[in-house]
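Take a moment to look over the sequence and the model before reading on. The paragraphs below go through the structure one part at a time.

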Amino acid sequence: MAKLCIALDMASKNDNFSLCKELANNNLNNIYVKVGLRSFIRDGINFINELKNLGFKIFLDLKLYDIPNTMLDSINEISKLKIDIITIHSSAGRNALSVIGDYIKSRDDYPLVFAVSALTSFNNEDFHEVYNDSINNAVLKFAKIGYECGIDGMVCSALESRIIKDRYNLLTLTPGIRPISSDFDCNLDLYNNKDDQSRVTSIKMALNYDSDFIVIGRPIYNHSNPSLLVKKILEIL
Ligand code: C5P
């Protein structure tokens, strides 16, 4: 069964918190909320604690990318926050991923660590310009390194989830999800915009590709009735 993460990317702490309060009031808090850089810089650790108090699980999406020692120090500090998921960049390379893999293996109480493969905003052409490789090749290369280093899973588009899981025992966490009407058995007046995402899938496609965690932001918080949409999404996960 896949798990839902809602990206809290709205313009203010108040907007994000109001959405979470509404979800919690409707008993829809047994899910992950994703706090990204914008919110973390602005709202800090207090906000994370407030979200925890509402009952949510916390995905802190900082996408760490630095030299191994600096990344390890950050991971160590983050683990004190008692959150559930954190992200790092695969491109930081084997040395960085392996010190982090060793660190998480040495503890029984650590967040799941997911390594970003190819950002879902990349199309093949843009990706090739930066990495001189195709997305599928590079994603498999990143997954191999992540697996060998003991990382828990990969952040990828749902389109790549299956090819990773066919080869490696890794979890997949997939942003770039755009719910479509055939995902549901009722009419939900869905948000219909890819925005800056390139490699998008519907919810059912992500489930068919065995995604473990689906990340959805704008289609939920821009919906006229986010609680109803979240309830309907949870019914099909
Ligand atoms: O609004 P939307 O559903 O497009 O939000 C997707 C979220 O997932 C954003 O917070 C974005 O930063 C994050 N993300 C992504 N692609 C990745 C990693 C994270 O879109 N590869």
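On one side of helix H4, Asn-95 and Lys-105 are exposed, where exposed means over 50% relative accessible area, buried means under 20%, and partly exposed lies in between (1.4 Å probe, protein chains only). The names of helices (H or I, at least four residues) and strands (E, at least two) stand for DSSP runs, numbered from the N terminus. This is a predicted model, in which local features need pLDDT of at least 70 and side-chain atom pairs count only at pLDDT 80 or more, while totals for chains, interfaces and linings use all residues. Residues are numbered from 1 along each chain as its sequence is written, and side-chain values use heavy atoms, with hydrogens and water left out.

H4 covers residues 94–105, which makes 12 residues. From its first C-alpha to its last it reaches 16 Å, close to the 16 Å expected at 1.5 Å a residue; the expected span is 1.5 Å times one less than the number of residues. Which residues of H4 are buried? They are Ala-96, Leu-97, Ile-100, Gly-101, Tyr-103 and Ile-104. These residues are on the same side of H4 because they cover an arc of only 160 degrees around the axis, the arc being that of the directions from the helix axis to the C-beta atoms. An α-helix has 3.6 residues a turn, so residues three or four places apart point the same way. The buried residues of H4 pack against helix H3 (68–79), strand E4 (85–89), strand E5 (112–116) and H6, where contact means heavy atoms within 4.5 Å.

The loop between H4 and E5 holds Pro-111. Pro-111 is buried, with a relative accessible area of 7%. Not counting residues up to four places away in sequence, Pro-111 touches Ser-79, Ile-83, Asp-84, Ile-85, Ile-86 and Asp-152. Met-10 is 101 residues from Pro-111 along the chain, and their C-alpha atoms are separated by 24 Å.

Next come the strands. Strand E2 (residues 32–36) is mostly covered, with five of its five residues buried. In a regular strand the side chains alternate between the two faces of the sheet. In E2 both faces are covered: Tyr-32, Lys-34 and Gly-36 are buried on one side, and Val-33 and Val-35 are buried on the other.

Which strands pair with E2? Strand E1 (residues 3–7) pairs with E2 in the parallel sense over three bridges; two strands pair if DSSP finds at least two bridges between them. Ile-6 has Val-33 as its bridge partner in E2. Between these two strands the chain passes through helix H1 (residues 13–25), and this β-α-β crossover is right-handed. The term right-handed applies if, with the strands pointing away from the viewer, the path from the first strand over the helix to the second runs clockwise. E2 also runs parallel to strand E3 (residues 57–64), joined to it by five bridges, and Tyr-32 stands opposite Lys-57 in E3. A right-handed β-α-β unit is made by E2, helix H2 (residues 37–53) and E3.

E1 is also joined to strand E8, by four bridges, and the two run parallel. In E8, Ile-6 has Ile-216 as its bridge partner. From E8 (residues 213–216), Phe-213 and Val-215 point one way and Ile-214 and Ile-216 the other way, and all are buried. Strand E7 (residues 171–174) runs parallel to E8, with two bridges between them, and Thr-174 stands opposite Ile-214. E7, helix H8 (residues 203–208) and E8 form a right-handed β-α-β unit.

Helix H10 (residues 226–236) contains Lys-232. Is Lys-232 buried or exposed? Lys-232 is buried, with a relative accessible area of 16%. Leaving aside neighbours within four places in sequence, Lys-232 is in contact with Phe-184, Cys-186 and Leu-188. The buried residues of H10, including Lys-232 and Ile-233, pack against E1, H1, H8, E8 and helix H9 (218–221).

In soluble globular proteins, nonpolar side chains tend to be buried together. A nonpolar core is a set of buried Ala, Val, Leu, Ile, Met, Phe, Trp, Tyr and Cys residues joined through side-chain atoms within 4.5 Å. The largest here has 68 residues, of which Leu-4, Ile-88 and Ile-233 touch the most other members. Helix H6 (residues 135–149) gives the most to this core, with eight residues. Another core, of 11 residues, lies apart from it, and among its members are Ala-7, Tyr-32, Phe-114 and Leu-173.
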